[in-house]
Amino acid sequence: MWLREELLKAIWHAFTALDVDHRGKVSKSQLKVLSYNLCTVMKIPHDPLTFEEHFKEDDKGPLSNEGYMPYLNRYILDKVQEDFDVLEFYRMCWTLCYKKNIHRHRLIISDADAFKVWCIFNFLSEDKYPLVIVFEEVEYFLRKLTEAMGIGWCEEKFTDYRMQHSAKSCLTVWELIELVGVIYFSNDVDRQILSMSINEVFSELILDILKQGYMMKKGHKRKNWMERWFVLRPTSLTYYVCEDLTEKKGDIVLDQSCCVESLLDKDGKKCLFIIKCLDKSFEISASDKKKKQEWIQAIQTCIQLLRLGLLSPHREARLRRRELRQKQQLDEQHLTERMKNLQAANEAKQRQLEDMRLKMEEAKAKAELEELRRKKKQSDLQDRYRLDLEREKMVRQEMEEQMAQKSSELDQYLQRVRELEDMYHRLQEALEDERQAKQDEEAMRKLQARLLEEEAAKRTELEQIYLKQQRTLTQTEAEKEELMAEQLAKERELQAASQQLDRLEKERQGALEQYQEVSRKLERAANKTKTWKDKVAKHEGLVRLIQPGRINSFTLLAVRVCRELTLTWHSVGQRSRNSVSLCGFRHSLHLFVLFGLGHKGAQRITNWGPASFTDIELELRKKSWQEKKNQGAPAE
């Protein structure tokens, strides 16, 4: 329920605006209209008779705030329910008071933004009338505003402004609006950014919007996932169609029995969590892991505050700041009283020392007077009062001892005064150390916030690196499978090449065996040729008697041998042909032709009778001998 103090602050502004003469009183007719408007906005039935009856004794003049307050509490505020629009209530009170106090041509913010600053002032102001806001709360508001704008907090600028207004320790609402709209933020500030920042702080402090953003929600009937704009408040999580908050789709009411838990990824959805209530459970999907953790933590904070029976976080923080300020004020009062007591004691000591100094001066004057009298008596009665002179010397010694004692006491008092001054300086140093400690604490808090942001950024970077490693591993597995397939194909090709090599080796062995067989046949043919040569040489006379044109059995044998040698020559391979002696093959053919065929030429006659060779045979033998000689020369 809306706090009565916050409603009273807005009504006080409206009442003050109606007080034209600034006497603290408003006419009865104006209060009647104000009461009617309040009842209309707050959805309370208005009874004019009750108003007339309550103020029947005050018909002679205007009514004061003290007279209107009992009626306001009894007939309006006691009947307030939670079903009225509080922003409309604030806007009605704002309409009554802002036109008389704001110079709109000077402001760089709109009327709507000024209204939001007015609401924030009512939230942060002290519960005392007339309403004011202390500089600590002004600093808190400006810090949140600059943080929302994304600019750094300028401590020197605020300190200068505070020093300029050092005569007072607080501001009114119109001074705060002027500070935000004219003084603190100059014309070079983007007005749209300033307006958005004021709206963000207004939503956070006044509307109690702790967090808002887009997420996916699973339906209860069709089980489909739809994107919704979620708005988290201390007691509920409301979701809309979009962020303009015009079309509301539902509420998730938070109470002490609710809980929020993280879920594993399923159905293609990631970053899931569930909100469990007594009657329903709501499954929600965030955009990333960071958003998911932030939403879970924010909802758990709301549930924990409900279990502890506390107000919203900002109201609790405001109460803590007020308690801290009250405690500091009490400490300052105690310190001031102590300093006053020390100062009073110091002044008393100073007075005592002054009295002692006067007494010493009087004693010294008396001593001098006595000395003059003594000298006078001594000049007159020197001989007569010799004993008196000795006694006077003793008195003088005693007086000097007393003077020394008084001097030591004076030194002690001065030492005490110096100790009191040292104590006063130490107290001042303690106060300075306390202020420095507060500044260090604030710096440490900023450092912790920055470290948390860096940690969140590093966590996001590590998640990206992890995803990149996953993709790299997947790509490596695919490349490994391709390499395995290529290796298998190469192994199959190697196996096929090995088989082909074995086949070629077998063919080579077969060719080598054929070559050896042909070599043996050639050797046998050469042996047969040599044998036939010998036979021909022995029976050369018989051979010469063979007539040309007639073929005998020897000629047929030679033809068959030549045919067999030719077939053998064509049957061997290319390598085998290169290795066979071509010259020997030709020579064998010529011999077979010579010995197997007759000749028509005349027979050569030597001294011993007919020659063994004809002229043609002799020429053939020369040619054979010359070819062998030519072949032997390159070999050498």
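I take the expected span of a helix as 1.5 Å times one less than its number of residues. Helices are DSSP runs of H or I, at least four residues, numbered from the N terminus.

**Ground rules.** I am working on a predicted model, where local features need pLDDT of at least 70, side-chain atom pairs count only at pLDDT 80 or more, and totals for chains, interfaces and linings use all residues. Residues are numbered from 1 along each chain as its sequence is written, and side-chain values use heavy atoms, with hydrogens and water left out.

**Helix α2.** I checked the length of α2, residues 28-41. Its 14 residues should span 20 Å at 1.5 Å a residue, and the end C-alpha atoms are 20 Å apart, so the two agree. Next I looked up burial (under 20% relative accessible area, 1.4 Å probe, protein chains only). K28, L31, L34, S35, L38, C39 and V41 are buried in α2. Down the axis, these buried residues fall within an arc of 165 degrees (directions from the helix axis to the C-beta atoms), so they line one face of the helix.

**Cores.** I then turned to nonpolar cores (buried Ala, Val, Leu, Ile, Met, Phe, Trp, Tyr and Cys residues joined through side-chain atoms within 4.5 Å). The largest has 75 residues, and L38, Y68, F89 and W118 have the most contacts inside it. I listed the contacts of L38 (heavy atoms within 4.5 Å). Beyond neighbours within four places in sequence, L38 touches I11, Y68, L72, I76, F89, M92 and C93. A second, separate core has 23 residues, including M215, L232, V260 and W295.

**Confidence.** Mean pLDDT (the predictor's confidence in each residue, from 0 to 100) is 80, and 83% of residues reach 70 or more. Residues 542-554 fall below 50, with 14 contacts beyond near neighbours in sequence.

Notes. Buried means under 20% relative accessible area, exposed over 50%, partly exposed in between (1.4 Å probe, protein chains only). Helices (H or I, at least four residues) and strands (E, at least two) are DSSP runs, numbered from the N terminus.
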